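Open the model in your viewer and keep the sequence panel beside it. The tour below goes from one selection to the next.

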Amino acid sequence: MKAVDVRAKTPDQLRDELVLLKKEQFNLRFQRAMGQLEKTARVKKIRRDIARIKTIAHQKVGKIQM
């Protein structure tokens with residue numbers, strides 16, 4: 001996800017996207033623990049997307065409580 005795309009979203013959309021990414025991050029961590037993770041680069045991408053969303057949301061309206 002590009003920063004331009006994230007900036008175009010509303011705070012509610014950012015919050016929803018953040019929830020989805022955190023769920024996916026949990027699932028990926030679970031798959032890694034079980035030895036079933038195939039796309040290991042996806043973990044890094046999700047982590048960076050979460051950080052990007054949090055940063056831009058903080059710039060827009062302040063902290064998102066999660």
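Select E17 to begin. In this predicted model, E17 counts as buried because its relative accessibility is 19%, and the cut-off for buried is under 20%. E17 lies in helix α2.

Now show what surrounds E17. Setting aside the neighbours within four places in sequence, E17 is in contact with M1, K9 and I53.

A search of the whole structure finds five salt bridges. For others among them, move to helix α3, which covers residues 41-61.

Select K45 and D49. Their side chains meet in a salt bridge of 3.2 Å, N to O. The two residues are four apart in helix α3, so about one helical turn separates them. K45 is partly exposed, with a relative accessible area of 37%. D49 is buried, with a relative accessible area of 6%.

R52 is partly exposed, with a relative accessible area of 28%. Through shared partners, the salt bridges join K45, D49 and R52 into one network.

Which helices supply at least two residues each to the positive patch? They are α2, residues 11-34, and α3, residues 41-61. Helix α3 gives the most, with four residues.

R47 is found in helix α3 and counts as partly exposed, at 47% relative accessibility.

Charge can also be viewed over the whole protein chain. Colour the charged side chains: 18 are positive and 7 are negative. The centres of the two sets lie 7 Å apart.

V4 is exposed, because its relative accessible area is 64% and the cut-off for exposed is over 50%. V4 and H58 are 54 residues apart in sequence and 15 Å apart in space.

Finally, clear the selection and zoom out. How many helices and strands are there in the protein chain? There are three helices and zero strands, and read along the sequence the pattern is α-α-α. The C-alpha trace spans about 40 × 20 × 15 Å along its principal axes.

Some totals go with this last view. Of the 66 residues in the protein chain, buried residues make up 24%. The chain exposes about 5100 Å², and carbon and sulfur atoms supply 52% of that area. Among contacts between residues at least 6 apart in sequence, 69% join residues at least 24 apart.

How values were computed
Residues are numbered from 1 along each chain as its sequence is written. This is a predicted model: local features need pLDDT of at least 70, side-chain atom pairs count only at pLDDT 80 or more; totals for chains, interfaces and linings use all residues. Side-chain values use heavy atoms; hydrogens and water are left out. Buried means under 20% relative accessible area, exposed over 50%, partly exposed in between (1.4 Å probe, protein chains only). Contact means heavy atoms within 4.5 Å. Accessible areas come from the Shrake-Rupley method with a 1.4 Å probe; for residues, only the protein chains shown count as cover. Lys and Arg count as positive and Asp and Glu as negative; His and the chain ends are not counted. The place of a charge is taken as NZ of Lys, CZ of Arg, CG of Asp or CD of Glu. A salt bridge is a side-chain nitrogen of Lys or Arg within 4 Å of a carboxyl oxygen of Asp or Glu.
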